[in-house]
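Keep the sequence and the 3D view open as you read.

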Amino acid sequence: MAAKIPRLAIMGHPNAGKSSVVATLTENDCIAIDKRAGTTTASDVYPVVIDGRTVIEFIDTPGFQNPNAILEWFQANENERDLARSFVKAYKADPLYAHDIALLEPVAEGAGIILVVDGSKRIKEKDRVEIELLRLTARPRMAILNNLSKQNRYMSQWQDALSKAFNSVREFNAHRATYAERIRLLNALKAIDQRWEPEVERAVDAFASDWERRTDQAVSTILDLLKEALSYKVSETVKNSKIVFQSGRDRVKAEITEAFEDGLRKMETDAQEQIRGHFRHNVWNVAPDSILGQDLLSEEVGQALGLSRRQLAMVGMAAGAASGVTLDLATAGHSLGTGALLGAATGGFLGVMGGKALAKLNIERAPNTHVFTIGPVSNPRFPFVLLDRIVLYCARAMNWAHGRQAADEEAADKVPDQDVSKHGFTEELSAQEQRTLAKFFGAARRGKASDLEEDCRDIIKRILRGVSLSEIDSRSTL
Ligand SMILES: Nc1nc2c(ncn2[C@@H]2O[C@H](COP(=O)(O)OP(=O)(O)OP(=O)(O)O)[C@@H](O)[C@H]2O)c(=O)[nH]1
Ligand SMILES: [Mg+2]
């Protein structure tokens with residue numbers, strides 16, 4: 001017989017944040033959430049499906065309509081063995097209780113209960129009624145304290161009241177919860193009823209291995225982006241008659257430069273889309289001042305991310321010596337390479353990062369034509385910037401709770417800004433790891449496979465793992 005799937009009904013007052021909790025736990029950002037009360041009007045089952053198999057189910061509900069009447073009935077019938085089931089049986093046909101029956105039906109059939117309360121508000125009589133009513137169902141039950149307006153004054157009162165009636169009481173913020181916090185909450189479900197332990201354990205294991213697989217997919221996406229972007233070239237064959245004058249040559253250079261830069265931007269946005277897919281985000285927004293909202297090739301991004309000048313010089317020398325490629329770092333800032341019509345010299349056609357051109361432009365003579373080629377990227381800073389930015393994007397995708405959706409970050413209860421320094425992840429790596437990456441980038445530029453790819457995979461995976469377990473600051477406010 002197939003194992004029983006744990007099923008939990010999410011209960012609580014209108015606007016307590018029930019749907020937000022379901023959205024975050026099931027990673028479903030399409031569930032209706034709104035600041036107005038009464039958004040959820042019917043109970044809906046949200047299964048978590050991993051590898052085509054449902055591992056746990058959450059039921060989003062509109063909450064009780066007549067809690068006082070139900071409690072009275074429960075108290076009057078306290079000797080019934082299963083109050084939820086008896087109540088449903090007694091009132092199934094009564095239209096007055098249609099909503100409450102819909103709510104209690106899954107509980108009557110054995111679902112556990114998660115009560116969501118807003119711990120920033122004072123406890124009222126109707127809260128006590130619901131707490132007692134849920135206690136009397138005798139189902140496995142957990143209470144989640146959501147501190148919606150960041151008031152700690154009532155939290156300990158809530159803890160006291162809830163811990164008398166629930167098997168477990170936990171604080172959980174459906175807007176800020178990370179993967180690690182979700183797993184901790186699921187793990188705590190094991191304790192609410194020993195009989196559930198094996199099924200919940202299976203669900204938690206499935207979550208963890210799914211997360212591992214998605215992290216691997218993200219690392220592959222990142223490596224593919226790096227290889228594609230660093231070996232990228234754009235060529236255009238132009239008839240000699242079109243470039244007799246300088247203005248004609250400038251036009252071709254401008255066109256090809258734009259095509260090259262747009263190509264890089266598109267590769268980044270394609271990789272971002274894949275990462276959003278890996279982490280199931282349909283709704284997505286970033287603060288306008290975020291480093292993720294700015295142009296990849298802008299000076300701001302170039303300065304905020306990547307290695308420091310000193311680190312870059314160190315890896316440049318190591319990678320250059322190993323591969324026979326001179327990165328010309330001694331003259332950083334005014335190195336323009338051979339055969340190239342570049343940045344400063346031609347009035348800034350090519351993007352410049354850290355004082356160096358992004359790529360070199362070559363013009364080759366052919367019969368009746370000239371072939372203009374730009375690429376691959378020669379700027380030593382760019383690969384680290386590209387890597388940092390896609391890792392940052394990934395950190396955001398991994399840690400952005402689905403219940404937060406596109407929440408208004410300017411709202412009064414916005415989480416206070418952290419004091420984050422604007423620098424990237426690669427800067428924190430060891431010199432050895434930075435050299436490994438630099439050598440891999442060097443091979444990618446030459447379009448060659450590198451035996452360092454697996455080492456780079458490990459380095460990037462370690463960063464992503466640290467980010468998702470909050471061991472590494474994910475700089476989500478960047
Ligand atoms: N800041 C913050 N806001 C939250 C949090 N959880 C929910 N909210 C907000 O609270 C409001 C209500 O959230 P819902 O999840 O729709 O609440 P609900 O209990 O399902 O509401 P009904 O379906 O109307 O009963 C929304 O504006 C949410 O964005 C949270 O953890 N932090
Ligand atoms: Mg709702």
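This is a predicted model: local features need pLDDT of at least 70, side-chain atom pairs count only at pLDDT 80 or more; totals for chains, interfaces and linings use all residues.

Residues are numbered from 1 along each chain as its sequence is written, while chains are lettered from A and ligands numbered from 1 in the order in which they are written. Helices (H or I, at least four residues) and strands (E, at least two) are DSSP runs, numbered from the N terminus. Two strands pair if DSSP finds at least two bridges between them.

- Six strands form an open sheet in the order 2-3-1-4-5-6, and their pairing is mixed.
- Strand 2 (44–50) and strand 6 (168–171) stand at the edges with a single partner strand each, so one side of each has no neighbour in the sheet.
- From one strand to the next, the twist averages 25 degrees (axes are lines fitted to C-alpha atoms, for helices over the stretch in contact, and angles run from 0 to 180 degrees between N-to-C directions).
- Strand 4 (residues 112–118) and strand 5 (residues 141–146) are parallel and share six bridges.
- Within this sheet, V116 stands opposite I144 in strand 5.
- Helix 1 packs on the sheet and touches strand 1 (7–11), strand 2, strand 3 (53–60), strand 4 and strand 5 (a contact means C-beta atoms, placed from the backbone, within 7 Å).
- The direction of helix 1 makes about 170 degrees with that of strand 3.
- Helix 8 (residues 197–230) lies across strand 2 and strand 3, at about 105 degrees to strand 3.

- A second open sheet has the strand order 7-11-10, with antiparallel pairing.
- Strand 7 and strand 10 are its edge strands, each pairing on one side only.
- Here the twist averages 20 degrees from one strand to the next.
- Six bridges link strand 7 (residues 234–239) with strand 11 (residues 369–377).
- V234 stands opposite I374, and V238 has H370 as its bridge partner.
- Strand 10 (residues 359–366) joins strand 11 over seven bridges, with A366 partnered by T369.
- Two residues separate the strands in this hairpin, where N368 takes a positive phi near 60 degrees.

**The ligand shell**

- Around ligand 1 there are 24 residues, and the closest are G17, K18, S19, S20 and T40 (near means a C-beta atom, placed from the backbone, within 6 Å).
- Helix 1 (residues 18–26) gives the most to this shell, with three residues.

**Backbone details**

- Most residues other than glycine have a negative phi, and most peptide bonds are trans.
- N15 has a positive phi near 70 degrees and sits in the loop between strand 1 and helix 1.
- N15 counts as partly exposed because it has 19 C-beta neighbours inside 10 Å (20 or more other C-beta atoms within 10 Å make a residue buried, 12 or fewer exposed, and in between partly exposed; C-beta atoms are placed from the backbone).
- The peptide bond from G375 to P376 is cis, with omega near -5 degrees, and P376 lies in strand 11.

Technical notes
Two residues are in contact if their C-beta atoms, placed from the backbone, lie within 7 Å.
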